[in-house]
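Hi,

Here is the structure I promised to pass on. Have a look at it first, and then read my notes below.

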Amino acid sequence: MKRLFAPTETHPAETRAAIAPVTVKKLIDLGIEVLVQTGAGKKSDYSDQDYSDAGATIVADAKSGYDQADIVTRVRKPEPVELAQVKAGTLHISFLDPFNEKELINNLAKREIASISLEMIPRSTLAQKMDALSSQANLAGYAAVTMSADRMTKILPMMMTPSGTISPARYFIIGVGVAGLQAIATAKRLGARVEAFDTRPVVEEQVKSLGAKFVKVDLGEMGQTDQGYAKELTPEQLEKQRLEMAKACARADVVITTAKLFGRKAPLILNQEVLDQMQPGSILIDLAVESGGNIEGSKVGDEVVTEKGVRIIGPENLEGYYPKDATLMLASNFYNLIEHFWDTEAKDFKYDIEDEILSGCLITKGGTIVHEKFKS
Ligand code: NAD
């Protein structure tokens with residue numbers, strides 16, 4: 001019988017786990033024995049008892065889990081000391097940040113560990129059920145709005161009362177991928193007036209369908225990659241974008257930026273000049289802060305207040321802001337991936353490398369780097 005192990009995450013900012021009690025049951029139904037490190041679900045409100053009630057065996061330390069495991073599921077990329085404990089032949093599934101982790105990828109290959117990078121799962125309809133980037137970005141978009149609502153000095157909806165009328169808060173969302181769309185939907189639900197912008201023209205319709213206004217900027221040639229990701233703008237296009245964004249920022253109470261470029265540093269969109277034109281007390285939340293930042297001066301895990309009183313928040317691990325649900329979604333993504341490739345007769349993971357999903361996300365296998373993008 002194959003054994004799956006979910007260790008306790010070691011990064012101090014990580015609140016999520018790679019397994020939930022409900023997926024323990026489902027994995028066992030597939031014929032997999034499940035091991036969970038003690039405390040793995042502590043930060044996401046799943047106790048050892050919850051996991052063992054679902055059928056998992058609780059192991060006291062990571063080493064004994066790795067020693068027994070054929071499959072490892074975890075959220076963050078492994079630190080070198082953790083990787084050293086993973087056996088050759090193990091299938092290791094996690095976020096890996098492969099574009100920036102050359103040494104890690106080389107080590108995974110050298111140590112003959114088969115590795116799947118969650119970031120590389122194709123953005124196709126069939127793969128949606130295992131798309132961890134989407135499930136987590138969706139929650140981050142929601143959390144950005146609730147966080148801003150909590151820190152603002154005004155409320156979101158319009159209120160007409162005998163004591164006076166309160167105007168709705170104005171939100172401006174830059175970058176309308178999965179997180180941006182959820183941020184728009186959440187802010188609208190809470191009664192805010194929302195504007196949004198993205199460099200991919202196809203997004204305009206989606207913004208309008210959520211009842212928000214699309215800010216039009218003529219940047220000339222734009223578009224998206226065949227995976228639907230944004231293309232990088234030229235410095236001239238970015239400058240033009242900045243000028244137009246400044247106007248929308250100046251009228252906003254909250255600006256949420258989510259603009260990312262897959263595998264590359266995020267574009268710097270709002271500089272000091274733009275910030276200087278904003279109203280004191282307005283809030284900016286930079287969801288791209290961990291990949292370089294969309295806002296000048298934003299700091300990971302910190303709030304920076306400009307001289308003019310504009311507050312820039314750079315949340316760390318916003319995906320895990322609501323860890324119970326984030327863990328639930330992520331654990332489902334892991335389960336769906338394993339189930340999709342599970343050979344029920346052989347009771348083993350089937351490395352079908354002709355498959356579009358697997359060839360998209362399998363990075364190393366059998367001692368070599370197998371993914372086309374990372375071979376060279
Ligand atoms: P992302 O996190 O890579 O980027 C967020 C958004 O920022 C994107 O919409 C991007 O266009 C935008 N952006 C980049 N540079 C910008 C700039 N200078 N100014 C303004 N906006 C900028 O995106 P994501 O949420 O991971 O989504 C990527 C794509 O994948 C989208 O097309 C999305 O619809 C698609 N997708 C498809 C599926 C599916 O079909 N299964 C699932 C999820 C996402």
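Is Lys2 buried or exposed, or something in between? Lys2 is partly exposed, with a relative accessible area of 26%. For that scale, buried means under 20% relative accessible area, exposed means over 50%, and partly exposed is in between (1.4 Å probe, protein chains only).

Some ground rules before the rest. This is a predicted model, where local features need pLDDT of at least 70 and side-chain atom pairs count only at pLDDT 80 or more, while totals for chains, interfaces and linings use all residues. Residues are numbered from 1 along each chain as its sequence is written, and side-chain values use heavy atoms, with hydrogens and water left out.

Salt bridges

There are 21 salt bridges in the structure, each being a side-chain nitrogen of Lys or Arg within 4 Å of a carboxyl oxygen of Asp or Glu. One of them joins the side chains of Lys2 and Asp348, at 3.7 Å from N to O. Asp348 lies in strand S17 (residues 348–349) and Lys2 in the segment before strand S1 (3–6), so this pair ties together parts that are 346 residues apart in sequence. Helices (H or I, at least four residues) and strands (E, at least two) are DSSP runs, numbered from the N terminus. Asp348 is partly exposed too, at 29% relative accessibility.

Arg3 has a salt bridge as well: its partner is Glu33, with the closest N and O atoms 3.2 Å apart. Arg3 is in strand S1 and Glu33 in strand S2 (residues 33–37), which puts the two 30 residues apart. Both count as partly exposed, Arg3 at 27% and Glu33 at 26%. Elsewhere, a network of salt bridges links Glu9, Arg74 and Glu82.

The inside

What about the nonpolar cores? A core here is a set of buried Ala, Val, Leu, Ile, Met, Phe, Trp, Tyr and Cys residues joined through side-chain atoms within 4.5 Å. The largest one has 59 residues, and Ile19, Ile93, Ile116 and Ile338 have the most contacts inside it. Helix H11 (residues 323–340) gives the most to this core, with 5 residues. A second, separate core has 54 residues, including Met152 and Val217.

Rings

The whole structure has 10 aromatic pairs. Rings of Phe, Tyr and Trp (its six-membered ring) pair if their centres lie within 6.5 Å; planes under 30 degrees apart count as stacked, over 60 as edge-to-face and the rest as tilted. Phe99 and Phe374 make an edge-to-face pair, 5.0 Å centre to centre with 65° between the planes. Phe99 lies in the loop between S5 and H5 and Phe374 in helix H13 (residues 372–375), so the pair ties together parts that are 275 residues apart in sequence. Phe99 is partly exposed at 34% relative accessibility, whereas Phe374 is buried at 12%. Ring pairs also link Phe99 and Phe374 with Tyr229 and Phe262 into a cluster.

Tyr321 and Tyr322 have ring centres 5.1 Å apart and planes at 90°, so that pair is edge-to-face. Tyr321 is partly exposed at 37%, and Tyr322 at 32%.

Cheers
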